Amino acid sequence: MDYTQITDAQHEEMLSIIGIDHVDRLFDVIPESIRCQEGLDLSPPQSELELQRSLTEMASHNVGAHNMVCFMGCGAYDHFYPALIDQLISRGEFLTSYTPYQAEASQGTLQAFFEFQTQIAQVTGLEIANSSLYDGATAVAEAAILAVNTTRRHTVLVASTMHPEYLAVLRTCLADLHVNITMLTATNGKVLPETVREEMSDDIAAVIVQSPNIWGQIEDWDGCFEVTHEDAKTLAVAVFNPIACGLLKTPGECGADLAAGEGQPLGNALNFGGPYLGLLAAKEKFVRKMPGRLVGMTKDEDGRRVFCLTLQTREQHIRGAKATSNVCTNQGLIALRASMFMTTVGREGLTEVASHCWHKAHYLAEQITAIDGWELTFDGDFFNEFTVNCPVDVTHIVDSGKERGVLVGVAANGRRMRKLSEGNELIIAVTEKRTRHEMDALVSLLKELST
Amino acid sequence: MTNHPSRGDRPVEPLVFEKHVAGAYGVDFPPLDVPETPVPHRVAGSGVPLPSIGQHDVMAHYTHLSDRNFSVDGNFYPLGSCTMKHNPRINEWAASLPGFSCLHPLQDEDCIQGALRLLYETRTMLEEISGLHEVSLQPAAGAHGEFTALKVIRAFFTDHGQPQRTVVLAPDTAHGTNPASCTMCGASVKQVRTIDGHTDLEHLQEVIAEVGPENVAAFMITNPSTAGLFDPSIKEMAEIVHGAGAKVYLDGANMNALLGRVKPGDFGADAMHYNTHKTFSTPHGGGGPGSGPIAVTEELAPYLPVPQVMMADDGSFYLDRDREKSIGKVRSFFGQFGVLVRCWTYISACGPEGLRHVAETAVLNANYLAVRLQEVYDMPYFAPEKGAFCAHEFVSVPQTLLDKGVTLIDIAKRMIDYGVHPPTMHWPIHDCLMVEPTETESKHALDQFVDVMLQIANEIDQEIACVKNAPLVSDIARADEVGAARKPVLVWND
């Protein structure tokens, strides 16, 4: 069905009120030569029952974290989220509203976004946040563009340990803006502050460092950003994981000016990569340079505390070519999920989730490196993800895992990782969902494969 | 200070931060089943000051917030250019199937054949509807699609020895995203005049001559135009642009009026984006997530983003990452997969005839409303007696009413009192209301909307104060947006 509701009789009645004999009259203005002469070549319509059948069938051709044990990470994590999120988010008042241009008809969405902005500021340890961007990768690109526009400089230094997909998107977004990207080489899986110092010059708009990085290593944000700020104009951009902020130093604690990150771990399903959630927080002085929607607190005519979209003169619908970004629609509903998640777990809950990730990842790393031939690739601190050198072909390990119902991790040399490595490393992520039993089973499997 | 007395005696909903109770929690976790590993001081943080509240309070909080929103489910929502159509719940059901929602984006292709098939079928459906050669599903929203397609066009010209083509033309009524997307591609924008909602072809030629045809990359058009009109000279327009060696870009925001009736490829579009949250019923979600697939001609296809979903000779599906001319990636992974599941579901529910019927009904509904309102709400472009109909939306500049001493905002805020979401305002022209009812409204709902609009006009004559002071019965009075921008408060501080 096409979800229209006008009956044939009503159709005729409406035509007569318009004063025409056929609905085609409304399309007469379209030149004959460009009208479709034949119907669209698409499959015939399916009823809802048929759709349920065919979608169930199609979904059954996938295996994933619902029927496999998932140790895959690299920017997308199999975290737990409370059942109430799916229930609340299904409320049509949230689901089927749009961008809250009309404050008087949208206080629910506006207050929720204001709370989201505050929570992201709290999590990052920064002063302000916007109400979301498309995903982590585009958030990093927007942060870089903000830095370029603010400093009027044309080079950004980017840690070579940043997620390769984020780097690819950053390259695409900066390609036509006359901005150079200089990579900061890694030493033992991390960027050294000395390396940042070597690359600093008077044209550096931003230093961008992700932590935990693609290998799972916790970077020295403190050290890197201290060097960054030896030049008063250069912005320090922390690419962060919001769950890690529950346990580790936040971007704000390490001196970041901007924090960009992927919000998927906050109450959002894996969704095969999307929709995800771009997070962007900043020091307050950058407020007028921020991309995307911002919600502000104000008063109504009776003096009541209310919320509205604000600083819209930054935005494309007012400012056109001079806007801070072309972002219009963002990820409202996913931001709302994240906010619900943070509200439900609360401050101790976020720390608990992060601690479980830490302890479990370290337990598993210890068990795996106890197997003959298995070793950690890097000896630095890690959070919920770590990299191991495999004594046998990593592809064989991944394939054998699949046969046993385990997604063992992400092979660093795979095409999907954009040639991150030529080596034989496996990147393993552990969330609070993984049990000791599942980890021990993985260890047995790896043991078996390496003999 | 949190609970101001509210209209209708409903208290202002406190912020979650004001509900914080130390030690409260909304969900619990199993005990840790592994030994602890100490967190070294060098990396340990001091915790984050998130609020904590109990589970029932979480439910109450968000239920109260949801109650303070207009929505398509509960209200007539004729927001012009946004296509606020019904959001079928089978779409939500589909996207939440674990076989879709629990897939990790880096899984091997043999584990995700169903997902790849869905993407491939969505791709081919959108190719057929556009009449263009190839679709990329990667862009995350309409504006992101514009950006991506402009990058593709620029890459094509650079590859063909014409890197100087950096000027993009757009009508003066273009969506704000059009020029903003150009800036992000390093292109500059030149405006082309419109007359009565239509592109002025002479001015188009003048602008092309002025900037030099060899410097023009593309003309970004919207058809039906942002004024809600089918452009009868669209083909001539395309010929002029192609004559200059440039490409025609179609902003697909208004595809709801063309489905199954006109394929953009047939009137000369070289590239376009869709907004699945407009045309294909994926929910707007209070501002996203959307999805902005783009469709392009064969000559532009090599430059599309990677990866592309493909079907192999044996009928299996795979992701092609080897496109040497590709502009690269514009988003991590494959785009807004969950939104595309909903898009597939909608197109499959409608089928070819259904989609055509969608366009017909959307246009019928808009014209019906326009006819019924035109005597009271002046409409600059609408003259059915001369055969000048609207497409799926119409523009009113209610000057006769404004001359009686109200503003457009007064009218809009009064609509809120009647449970109707105000239309798009002040765009594409000043002091206008742009009304798009969509095809999914019933005749009863359309008639009710007419009654509300006529009632407001009546009130302007009879008791103007209730319009000037509107909204009178909504939760809040008018928000001080000027004050909000002067001293922005974007986060809560005790």
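A polar contact is a pair of N or O atoms within 3.5 Å; within protein, one must be able to donate a hydrogen and the other to accept it, and residues adjacent in sequence count only if both atoms are side-chain atoms.

This is a predicted model, in which local features need pLDDT of at least 70 and side-chain atom pairs count only at pLDDT 80 or more, while totals for chains, interfaces and linings use all residues. Residues are numbered from 1 along each chain as its sequence is written, chains are lettered from A in the order in which they are written, and side-chain values use heavy atoms, without hydrogens and water.

**View 1. Chain A meets chain B.** Welcome to the interface, where 190 residues of chain A and 197 residues of chain B are in contact (heavy atoms within 4.5 Å). About 16900 Å² is buried between the two chains, with 64% of that coming from carbon and sulfur atoms; buried area is the accessible area (1.4 Å probe) that two parts lose on being put together, summed over both. In chain A, the residues losing the most area to chain B are E104(A), F272(A) and R305(A), together 6% of what that side buries.

**View 2. Polar links between the chains.** Between chain A and chain B, 89 residue pairs are in polar contact, both residues at pLDDT 80 or more. There are also 13 salt bridges across this interface, each a side-chain nitrogen of Lys or Arg within 4 Å of a carboxyl oxygen of Asp or Glu. Here you can find the salt bridge between the side chains of K402(A) and D108(B), at 2.7 Å from N to O.

**View 3. Two helices cross.** Helices here are DSSP runs (H or I, at least four residues), as strands are (E, at least two), numbered from the N terminus. The axes of α2 (residues 48–59) of chain A and α4 (residues 113–130) of chain B come within 7 Å and cross at roughly 125°. Axes are lines fitted to C-alpha atoms, for helices over the stretch in contact, and angles run from 0 to 180 degrees between N-to-C directions. The contact brings L55(A), E57(A) and M58(A) to G114(B), R117(B) and L118(B).

**View 4. A salt bridge within chain B.** K190(B) and E210(B) form a salt bridge, their closest N and O atoms 4.0 Å apart. K190(B) sits in strand β3 (residues 188–192) and E210(B) in helix α7 (residues 201–211), 20 residues apart.

**View 5. A cis peptide bond in a loop.** The peptide bond joining N223(B) and P224(B) is cis, with omega about -5°. P224(B) lies in the loop between β6 (216–222) and α8 (234–243) of chain B.
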